[in-house]
Amino acid sequence: MRLHRILPLALVVLQVSLLAACQPPLEVTLASSNERLPGPAFLVDEPSQDGGPPRYDVIRVLAEDGTQVWHVRALSFGGTRGRRVVYGEAPEGFETVQPPLPLEDGRLYSIGVSGEASGALRFVVGQDGGVRPENE
């Protein structure tokens, strides 16, 4: 293949890589310090939206071993969404891909929220059913 054909392709690949690397972050936090089983609540914020609603289309919760325990996705992709997410409850405009499995005491989980932006939070379920961020 000649250089004049390879160079444009290489530039496109580079641009796509740079755009993917610049994906804005979502901040995922617990809704309060008193979250408990069976349905802890999380807040999703997108700082780049200057107070506007976050942009995401998929919510997944995984156990530490990689087992998916809940998965929902938007019925139409590319919109803004509510800030509050409750484990096991599909937000308005979402459909359930995998119904929620019960979260277990003493286990580590990760909730990932993605779309035009993405973010995640690792959280631990205590022996008493309380939910806290992994690093607390």
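## A buried arginine and its partners

The side chain of R55 makes a polar contact with the side chain of E116 at 2.9 Å, where a polar contact is a pair of N or O atoms within 3.5 Å; within protein, one must be able to donate a hydrogen and the other to accept it, and residues adjacent in sequence count only if both atoms are side-chain atoms. A polar contact at 2.4 Å also joins the side chain of R55 to that of E46. R55 lies in the loop between β2 (41–45) and β3 (58–63), and R55 counts as buried because its relative accessible area is 17%, buried meaning under 20% with a 1.4 Å probe and protein chains only.

This is a predicted model, in which local features need pLDDT of at least 70 and side-chain atom pairs count only at pLDDT 80 or more, while totals for chains, interfaces and linings use all residues. Residues are numbered from 1 along each chain as its sequence is written, and side-chain values use heavy atoms, with hydrogens and water left out.

## The chain as a whole

The chain holds 1 helix and 9 strands, which are DSSP runs numbered from the N terminus (helices H or I, at least four residues; strands E, at least two). Of the 136 residues in the chain, 34% are buried. A cis peptide bond, with omega about 15°, joins L37 and P38, and P38 is found in the loop between β1 and β2.

## The nonpolar core

The largest nonpolar core has 25 residues, of which I59, I111 and F123 touch the most other members; such a core is a set of buried Ala, Val, Leu, Ile, Met, Phe, Trp, Tyr and Cys residues joined through side-chain atoms within 4.5 Å. β4 gives the most to this core, with 4 residues. Leaving aside residues up to four places away in sequence, I59 touches W70, H71, V72, V85, P91, F94, I111, G112 and V113, a contact meaning heavy atoms within 4.5 Å.

## Aromatic pairs

A search of the whole structure finds 4 aromatic pairs, and rings of Phe, Tyr and Trp (its six-membered ring) pair if their centres lie within 6.5 Å, with planes under 30 degrees apart counted as stacked, over 60 as edge-to-face and the rest as tilted. The rings of F42 and F123 have centres 5.1 Å apart and planes at 55°, so this pair is tilted. The pair links strand β2, which holds F42, with strand β8, which holds F123, 81 residues apart.

Both F42 and F123 are buried. The rings of W70 and Y87, with centres 5.3 Å apart and planes at 65°, form a pair that is therefore edge-to-face.

Technical notes:
Buried means under 20% relative accessible area, exposed over 50%, partly exposed in between (1.4 Å probe, protein chains only).
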